[in-house]
Amino acid sequence: MNIWGKMLNIDRRWIFLGIGVVSIVPFFINFGMPVRTTREVESIYEYVDELGSDNAIFISFDFAPGTQAENMPMSVAVMRHAFYNDVPVFMTANYPLHHGMMLAAMDYVFNPTTEGFYEDVDFEDWRELREAGVTAKDELVEAWENQGNQLPDGATGWVFEGRDYAALGYAPVFSLVILGLTVSIETQYPVDAHGNSTGEMPMLQEHKSLREVDLALTSSGSGACVWWVTFAREKIGLPIAFGLTAVMATDYFPYLQSGQVIGQMGGLRGAAEYEVLLAENGITPSTDKAFVGMDVQSAAHLLIILLIVMGNIAFFAGGFHKKTLLKGGR
Amino acid sequence: MRKNWIGIPALMILLLLPSLSVAQGDDEILTPVAEEQLEEPDPGLDVPGAVTVQDKDNDAGDNLLVSFELPANTEGIFAYNVYRRVAGELGEEAWNLVEVIPAEELPEFIDGYDPEYPISTGVLYEYRVASTTVDGEEFFGPIFEAGIVSKGEIYHTGKTKVLIAGGLFIFLIFYYFGKAQRGAKMYLRPIAGIEAIDEAIGRATEMGKPVLYVPGLSGIADVATIASLTILGRVAKKIALYQTPLIVPNRDPIVFTVAEEVVKQAYLEAGRPDAYDPDSVFFLTTSQFAFVAGVNGMMMREKPATNFYLGMFWAESLLLAETGSLSGAIQIAGTDAVTQLPFFITTCDYTLIGEELYAASAYLGREPKQIGALKGQDACKAIIMSFITVALIFGIIDVVANTHILDWLRDLVTTPIIE
Amino acid sequence: MYETIGIWVGALFTLAIYSFLYKENPIYRLAEHLVVGISAGYGMAITYQITVKPRLIDPLLSGDHWILLIPGILGILYITRFIPRISWLSRYPIGFYMGTSMGVYFPLTMKANVLRQLEGAMVPLYQSGMAWYEVTGNIIMILGTLAALIYFFFSKPHKGLFFGTGSKIGIWVIMVGFGATFGFTVMGRISLLIGRIQYLLGDWLHVIE
Amino acid sequence: MKRTVPLMIVMVGGILMILQYFIPHQISQTVFAYYTDWTPIIVAFALVLGVGSLTRIHSHKIRRKAKNWQYSYAVLIPLFGMPVLAHIWPVSLSGGMESPSIFHFTFMHVQVSIQATMFSLLAFYIASAAFRAFRAKSALATVLLLSAVVVMLGQVPIGELLGRWLPETGLWILRYPNLAAKRAIMLGVGFGMLATNLKIIFGVERNWLGGTGK
């Protein structure tokens with residue numbers, strides 16, 4: 001076998017090693033390649049940007065740790081955007097594992113080590129104000145700060161559990177839960193993930209069912225995102241936005257084209273685009289994890305293309321195109 | 001609701017009759033109930049006028065369409081509070097606030113969505129509407145009794161297009177069933193993957209290595225799984241004749257039981273019930289990637305000569321197929337999962353694309369009805385293609401002549417998003 | 001502590017699986033067998049917890065949901081498979097599941113796979129403000145759909161101008177689509193690896209943030 | 001009894017559910033509610049069969065001391081250990097399903113880690129598959145290769161540096177020709193599914209019954 005032949009039949013383990021190396025290096029050396037935004041993501045951004053404290057959105061954590069790298073930054077980005085505009089956020093998960101993802105996302109957004117974090121106020125901590133009828137966001141912040149609470153350094157703002165977010169979490173047979181949510185949020189989730197009574201939450205009193213909600217983002221690693229279209233969009237016309245893994249994204253273009261979803265974020269890139277939009281508009285101080293991941297993507301894509309090119313050079317230079325060898329279909 | 005489905009009139013009229021009978025004439029302006037005027041209208045804030053209640057179409061009898069006349073003078077009105085109570089009940093606490101409509105919005109809504117105050121079928125209700133100020137001060141209009149009660153319909157008029165399309169499809173399939181059974185000769189074009197099946201089994205026999213057959217990772221109700229099990233029957237029969245070992249790992253327990261039956265039966269039909277190894281068909285685990293871990297391990301240890309991946313696959317497609325190719329097996333794949341097809345195409349020797357997988361079971365069986373069904377499916381595709389072609393022509397006409405006939409055609413097939 | 005041990009265990013099993021990239025080995029084999037057993041056992045435990053107990057046992061014990069005996073008995077009929085003489089009884093629950101699923105899917109498939117797709121294929125070629133490549137795209141999409149549909153004709157030989165050329169263009173369109181999907185997928189697959197690297201280097205070794 | 005009754009069940013169930021779709025009436029809603037309530041219960045029992053199969057095959061291996069039989073213990077012990085830990089083992093001894101417990105730990109740190117890692121192997125495999133498969137062997141293979149490379153480059157920032165046309169072209173391929181292919185496959189698959197639905201409901205396709213019903 002000549003050199004070309006050897007190159008064509010290279011031990012796959014060298015390729016594996018190459019992928020491993022290019023995926024690790026960018027974590028230590030940032031290239032910071034620019035990411036340009038597309039209209040699929042811009043439409044979600046613009047929609048969320050229009051919303052205010054009278055509106056409400058759902059963010060459904062429909063992904064497992066396996067696709068966390070892609071799905072997590074999307075949910076986090078939309079969550080931060082909503083918090084910035086004082087839009088109440090309901091959070092759900094369609095599977096027990098996904099419930100953990102929801103908690104992890106909250107941890108990240110509320111954690112003081114995160115740049116531009118939000119200072120979380122527990123449901124119990126502002127009971128007094130709530131019972132006094134102070135539930136409008138600006139009044140609430142004012143009253144809260146008058147009580148002597150101070151926004152920590154580096155925090156973007158306050159978020160009040162029950163006013164700004166409700167961590168509803170997982171409930172079994174989630175497709176039917178969505179169906180039930182179109183009728184009532186409270187009957188599906190009498191208590192939230194922290195054991196708080198949802199009926200007492202101002203945001204549930206203002207938004208009793210999905211009919212009174214303005215958007216649901218499903219950040220999904222599986223076909224479960226379609227449940228939102230089937231059971232919420234088709235049934236009551238709730239606007240849906242998709243956050244999908246890159247793999248699923250092409251599959252769901254038809255939903256976008258037919259107008260069943262208002263926009264979609266596809267994979268790490270979609271998430272990075274949203275991060276760029278947030279950073280450009282001053283909603284977050286900087287871009288986040290998805291943006292870093294894009295450097296790894298660039299490196300890995302280049303390596304794969306290089307491999308393809310080398311494979312083809314070897315294929316033609318070695319004269320293999322004249323013979324039929326190398327099994328492999330059409 | 002759009003009702004411009006000109007085309008298949010006879011069937012439609014038949015279907016529409018029941019729906020028309022329930023849809024018509026259910027609205028009525030209500031007469032004020034005089035005896036109970038609760039509050040003097042403040043001359044400062046005008047009160048709303050007559051309340052109209054209609055039964056909502058296409059529901060289970062748990063919704064009412066409510067609208068009311070706006071007051072002549074809307075000055076100072078911030079919103080309207082709509083109250084409802086069961087007719088005949090008395091007292092202030094019988095009233096439930098069912099909707100708040102901001103002054104700038106249309107004075108109509110669908111009542112019955114609020115889970116706290118559902119509407120019951122056949123119950124008569126009364127309504128009253130109040131104008132409210134910014135501070136929440138209410139000025140009540142008169143009470144109206146709903147002239148009608150909510151009732152459930154027996155036909156959903158919004159689903160007529162699905163019904164027509166479904167009816168047409170059923171008709172075509174049965175037409176070709178009949179035709180095929182009467183013995184009409186029907187041509188079937190060759191499919192490369194199917195012809196390769198025998199060759200692949202032969203190879204395993206020569207090498208004395210097992211054949212691996214993965215019937216997809218989906219459940220029994222998945223059409224891809226059903227097609228795969230039919231093919232498994234044929235494959236197992238061949239294998240029984242050649243006495244090659246067979247490995248069939250399953251992810252779904254029901255699929256496992258059916259696959260076991262199918263293989264057992266195939267060995268019986270091949271006349272070799274004794275050669276059937278009860279451990280050849282087995283359940284592994286319901287977890288997707290644990291399943292892949294198991295199958296991949298098996299592939300590298302047992303080194304099957306031929307791998308079949310037929311059925312529904314998700315992300316594991318490439319994990320299985322690439323490991324299989326690493327182990328040096330001949331691979332035949334087939335799936336209707338659009339996203340996974342590219343991976344099978346690039347890593348397997350033969351791939352059945354989408355519908356070819358379903359067709360394969362008809363090819364192998366050569367039963368007249370199965371072939372008839374294929375013919376019926378082709379007829380449906382022809383109908384779809386003519387629709388698209390006409391749409392293309394209309395599209396061109398629209399551009400050239402600046403008309404809007406394409407919209408008309410689209411409306412024929414548009415199904416409402418909200419039903 | 002609990003979390004730390006957890007991350008160590010997770011990291012070691014992660015490496016055990018990656019060792020398969022080098023070659024099949026006893027460590028991988030152990031991880032493989034363990035995960036099969038654990039996941040199947042987990043499946044059993046969780047099914048009891050979220051389905052059997054709340055949906056069947058609890059309502060039955062509460063006394064007024066006797067109707068649930070029907071699905072309960074149908075379910076138990078599956079287990080007759082272990083008794084060869086009456087194993088045919090297991091066809092009843094399979095039949096129930098098959099029949100109802102097929103019925104539920106029929107109208108939904110008609111709507112989603114046929115009518116919706118047909119509607120999507122009927123796009124206006126040109127609307128004001130469309131760029132030239134969008135117009136070309138629309139034309140290619142319509143013609144491409146037609147050609148690819150021809151490829152899926154089984155009862156006509158793929159010969160002649162219409163079926164021959166049509167199906168050839170069809171398979172080209174399909175291949176372009178497959179190439180695009182493949183290329184598009186690469187990104188998602190690399191992301192999965194990024195997730196694991198973040199776990200190994202961040203959560204476990206703390207060498208990256 | 002052995003074949004006719006199941007076929008009847010299928011037919012009645014199928015037709016009922018099709019009709020149900022078109023009827024908004026309360027009765028129809030109730031029927032559907034029963035279906036959604038019952039199906040998970042019925043399906044849940046099937047898992048027992050799977051566990052039976054897994055137990056049988058691995059106990060055979062151990063008994064016969066087949067190759068790698070020791071590993072069968074690694075399947076059997078957790079297979080039964082997990083449900084016992086979840087439902088029988090006392091919570092005071094780290095039983096139960098909530099964190100912290102042995103059950104939760106095993107699931108979270110062994111199963112989830114292994115699954116996520118298995119999934120991530122795709123990153124390696126997709127590279128080696130691309131290397132082997134994307135060769136310009138024929139016109140068709142070239143088309144496949146080119147569209148993959150263009151889309152792949154268009155996805156990442158580095159593609160944009162090479163030229164704005166790259167991502168645009170990539171998106172264009174995804175939006176138009178790719179959509180055409182998908183749509184045609186989905187239509188074909190749709191008709192195949194519908195036909196199979198009918199064949200099963202009307203008992204033409206009986207493969208799922210398995211054998212001849214003795």
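This is a predicted model: local features need pLDDT of at least 70, side-chain atom pairs count only at pLDDT 80 or more; totals for chains, interfaces and linings use all residues.
Angles under 35 degrees between axes count as roughly parallel, those over 145 as roughly antiparallel, those from 65 to 115 as roughly perpendicular, and the rest as oblique. Residues are numbered from 1 along each chain as its sequence is written, and chains are lettered from A, with ligands numbered from 1, in the order in which they are written.

In chain A, helix H3 (residues 39–50) packs against helix H14 (residues 267–280) at an angle of about 45°, the axes being 10 Å apart. Helices (H or I, at least four residues) and strands (E, at least two) are DSSP runs numbered from the N terminus; axes are lines fitted to C-alpha atoms, for helices over the stretch in contact, and angles run from 0 to 180 degrees between N-to-C directions. H3(A) and H14(A) are therefore oblique to each other. Their crossing is right-handed, the term for a near helix turned clockwise from the far one by less than a right angle, with left-handed denoting the anticlockwise case. H3(A) contributes A:Val41, A:Glu42 and A:Tyr45 to the contact, and H14(A) contributes A:Gly270, A:Glu273, A:Tyr274 and A:Leu277; two residues are in contact if their C-beta atoms, placed from the backbone, lie within 7 Å. By class, this contact of H3(A) with H14(A) comprises 4 nonpolar, 1 polar and 2 charged residues. In this classification Ala, Val, Leu, Ile, Met, Phe, Trp, Tyr, Cys and Pro are nonpolar, Asp, Glu, Lys and Arg are charged, and the others, Gly among them, are polar.

Chain A also holds an open sheet of 6 strands in the order S5-S2-S1-S6-S7-S8, with parallel pairing. Strands S5 (165–170) and S8 (263–266) of chain A are the edge strands, each pairing on one side only. The twist from one strand to the next averages 15°. Helix H5 (residues 96–110) of chain A packs on the sheet and touches strands S1 (57–62), S2 (89–93) and S5, its direction making about 155° with that of S5(A). Helix H11 (residues 225–236) of chain A lies across S1, S6 (215–220) and S7, and runs at about 175° to S7(A). Strand S7 (residues 240–244) of chain A pairs with S8(A) in the parallel sense over 4 bridges, where pairing requires that DSSP find at least two bridges between two strands. A:Ala241 has A:Gly263 of S8(A) as its bridge partner.

In chain B, two asparagines other than glycine by definition of the class show positive phi values: B:Asn58, near 55°, and B:Asn402, near 60°. B:Asn58 lies in the loop between strands S2 (51–55) and S3 (64–68) of chain B and counts as buried, with 21 C-beta neighbours inside 10 Å. A residue is buried if 20 or more other C-beta atoms, placed from the backbone, lie within 10 Å of its own, exposed if 12 or fewer, and partly exposed in between. B:Asn402, in the loop between helices H10 (368–401) and H11 (405–413) of chain B, is exposed, with 7 other C-beta atoms within 10 Å.

Between chains D and C, 103 residues of chain D are in contact with 97 residues of chain C. Among the elements that give two or more residues to the side of chain D that touches chain C are helices H1 (4–22), H2 (26–64) and H3 (71–87) of chain D. The largest share of that side, 19 residues, comes from H4(D). The residues of the side of chain D that touches chain C divide into 78 nonpolar, 20 polar and 5 charged.
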